[in-house]
Amino acid sequence: MRWRPPIAADALGGVTVNNRQASSGGGFTFPKGPVELTGESALEYVCERKNLDGGDFGRTERQRDVLKAIVTKLTSRGVLTNPGQFRDAVTTLAPNFTVDGELDNSRIVDIGLGMRISGGEDIKSLMAPVDGIGTSSDGHSIVLVNGKKLDEMAEALRNDTMDEYYEANQDG
């Protein structure tokens, strides 16, 4: 999926995330706790890694938190119960997400309005299972995927057993 947090945050009038770790960079300061993100602050927030515990892992956690904040805002009473506003938000956001070439705005709106998500608390996120960090042959830092556990995750997706997989793997 390709996305642009500044566009998504701005299309929704900003999003609030619960920042797990204080940081600063790019002219922005992000204290621990609730942080309102719009435009360039959202981009700086999701791209930061060097000043975070866990580096890339901290960054991916932030990215998942921002996606959850976007869904929370998109499914809020003020947006979801107003089909025109929901359609406008999806129309603004959709060109910035690539999931499937045949998934157009109309289909996204239909799916969104038919979902039974009452808010961000209904959203669960996991990172692909990893074995840690290594170094590539050309000296770059890389994340080492755990192939066996990734196969288990794929199987849970295929068999619609992600709830069970999540419960068993949410802590790592």
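This briefing covers the aromatic ring pairs and a charged surface patch. The model is a predicted one. It holds 2 aromatic pairs, and these ring pairs link Phe28, Phe30 and Tyr45 into a cluster. On the surface, Asp160, Asp163, Glu164 and Glu167 gather in a patch of negative charge.

**Aromatic pairs**

- The structure holds 2 aromatic pairs. The ring centres of Phe28 and Phe30 lie 6.2 Å apart with the planes at 20 degrees, so this pair is stacked; planes under 30 degrees apart count as stacked.
- The rings of Phe30 and Tyr45 have their centres 5.2 Å apart and their planes at 75 degrees, so this pair is edge-to-face; the class applies to planes over 60 degrees apart.
- Phe30 belongs to strand β3 (residues 28–30) and Tyr45 to helix α2 (residues 39–47), so their pair ties together parts that are 15 residues apart in sequence.

**Burial of the cluster residues**

- Phe28 has 27% relative accessibility and therefore counts as partly exposed.
- Phe30 counts as buried because its relative accessibility is 3%; buried means under 20% relative accessible area.
- Tyr45, in helix α2, has a relative accessibility of 0% and so counts as buried.

**Negative surface patch**

- The patch of negative charge on the surface is formed by Asp160, Asp163, Glu164 and Glu167.
- Glu167, one of the patch residues, is placed in helix α8, which spans residues 162–169.

Terms used: Residues are numbered from 1 along each chain as its sequence is written. This is a predicted model: local features need pLDDT of at least 70, side-chain atom pairs count only at pLDDT 80 or more; totals for chains, interfaces and linings use all residues. Side-chain values use heavy atoms; hydrogens and water are left out. Patches are made of residues with over 30% relative accessible area and no salt bridge: like charges are joined within 9 Å, nonpolar side chains (Val, Leu, Ile, Met, Phe, Trp, Tyr) within 5 Å. Accessible areas come from the Shrake-Rupley method with a 1.4 Å probe; for residues, only the protein chains shown count as cover. A salt bridge is a side-chain nitrogen of Lys or Arg within 4 Å of a carboxyl oxygen of Asp or Glu. Lys and Arg count as positive and Asp and Glu as negative; His and the chain ends are not counted. The place of a charge is taken as NZ of Lys, CZ of Arg, CG of Asp or CD of Glu. Helices (H or I, at least four residues) and strands (E, at least two) are DSSP runs, numbered from the N terminus. Rings of Phe, Tyr and Trp (its six-membered ring) pair if their centres lie within 6.5 Å; planes under 30 degrees apart count as stacked, over 60 as edge-to-face and the rest as tilted. Buried means under 20% relative accessible area, exposed over 50%, partly exposed in between (1.4 Å probe, protein chains only).
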